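Please examine the model shown here.

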Amino acid sequence: MDRLAAEHEVEVWPHAMPPPRTELLRLVGGCEGLLCLLTDRVDAELLDAAPRLRAVANMAVGVDNVDLAETRRRRIPVGNTPGVLTDSTADLTMALILAAARRLVEGREQVLGGGWRTWDPMGLLGLELRGAVLGIVGMGRIGRAVARRAAGFGMRVDWCGRDDPAGLDRLLAESDVVSLHCPLTAATRHLIGRDALARMKPGAILVNTARGPIVDQDALREALRAGRIGAAALDVTDPEPLPADDPLLAAPNLLVVPHIGSATHTARGRMADLAVDNLLAALAGRPMPHPV
Ligand code: GLV
């Protein structure tokens, strides 16, 4: 804020909840730069409402909330925040893998609900990571950071690109844990649907720290309820948040956390820095340091 205010007049949406669409459209009317979050949809309607806009700085690495064809057509530069949230997201991925593999949610429920009565040689048995196969879909910065961590746990790591159907089929068939690290695009929407879930090893674990719509949640609910796969651990859903009565939340062996992949003090601070770097550069007529 200080860096922006030193050079520009800054208007800040002061509430924790995102601005309602009509408010956002009204507020961008006079803006030359926009520092937005992944909860703000930047599309033709918004760009029409912001005729003076010269720069969009998304405080996220994912940019599926921005219509890049529209911004490109209007020659408005868009920046994101790559790199600085790689480690925090990879850490959370390992936390989700471990939580699902070692059944932490069920364990907590037993402890709080009085269900834990004695040490049980067969109680809450889970997946041992050493020797298990981790399949990574999308071997970009975050996928690679997860692979390094998983290797430290003795996992055998395999991967495939997001546009490699044969590779994905192989990966799904052989992985004990499948972890998604691809961006959300038209091609990856519902990449993990009925067919993909049916190809997963019985009892395997699905982890998603990428974007909710990459997984078909109806298909996931069915697979969990039928015991087709062992567990799912999701940092992202569609929509976010899920309504409390969403049927997915009633599925067994499901852990959902509230999109906290980048939620460390370090990562969020650096994301803010990068978003400001991008905005200040573009408003000064220089190339953004982290253009999309
Ligand atoms: C968070 O989800 C991000 O894309 O930065």
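A residue counts as buried when its relative accessible area is under 20%, as exposed when over 50%, and as partly exposed in between, with a 1.4 Å probe and protein chains only. The model is predicted, so local features need pLDDT of at least 70 and side-chain atom pairs count only at pLDDT 80 or more, while totals for chains, interfaces and linings use all residues. Residues are numbered from 1 along each chain as its sequence is written, and side-chain values use heavy atoms, with hydrogens and water left out.

Strands (E, at least two residues) and helices (H or I, at least four) are DSSP runs numbered from the N terminus. In a regular strand, side chains alternate between the two faces of the sheet. Strand β6 (residues 177–180) has V177 and S179 pointing one way and V178 and L180 the other, and all are buried. Two strands pair if DSSP finds at least two bridges between them. Strand β4 (residues 133–137) runs parallel to β6 and is joined to it by four bridges, with G135 opposite V178. Strand β7 (residues 205–208) also pairs with β6 in the parallel sense, over four bridges; here N208 is the bridge partner of L180.

A separate description applies to an open sheet of three strands, ordered β1-β2-β3 with parallel pairing. Its edge strands are β1 (33–36) and β3 (78–79), each of which pairs on one side only. Four bridges connect β1 with β2 (residues 55–58), and C36 has N58 as its bridge partner.

Turning to the helices, α5 (residues 86–101) and α7 (residues 141–152) pack at about 50°, their axes 9 Å apart. The α5 and α7 pair is therefore oblique, a class that holds the angles left over once those under 35 degrees count as roughly parallel, over 145 as roughly antiparallel and 65 to 115 as roughly perpendicular. Axes are lines fitted to C-alpha atoms, for helices over the stretch in contact, and angles run from 0 to 180 degrees between N-to-C directions. Contact means heavy atoms within 4.5 Å. On the α5 side, the contact involves T86, D87, T89, A90, D91, T93 and M94, which meet R141, I142, A145, V146, R149 and A150 of α7.

Finally, V292 is found in the segment after α11 (265–283). V292 touches V63, L68, V78, G79 and N80, leaving aside residues up to four places away in sequence. From A251, V292 is 41 residues away in sequence and 37 Å away in space, C-alpha to C-alpha.
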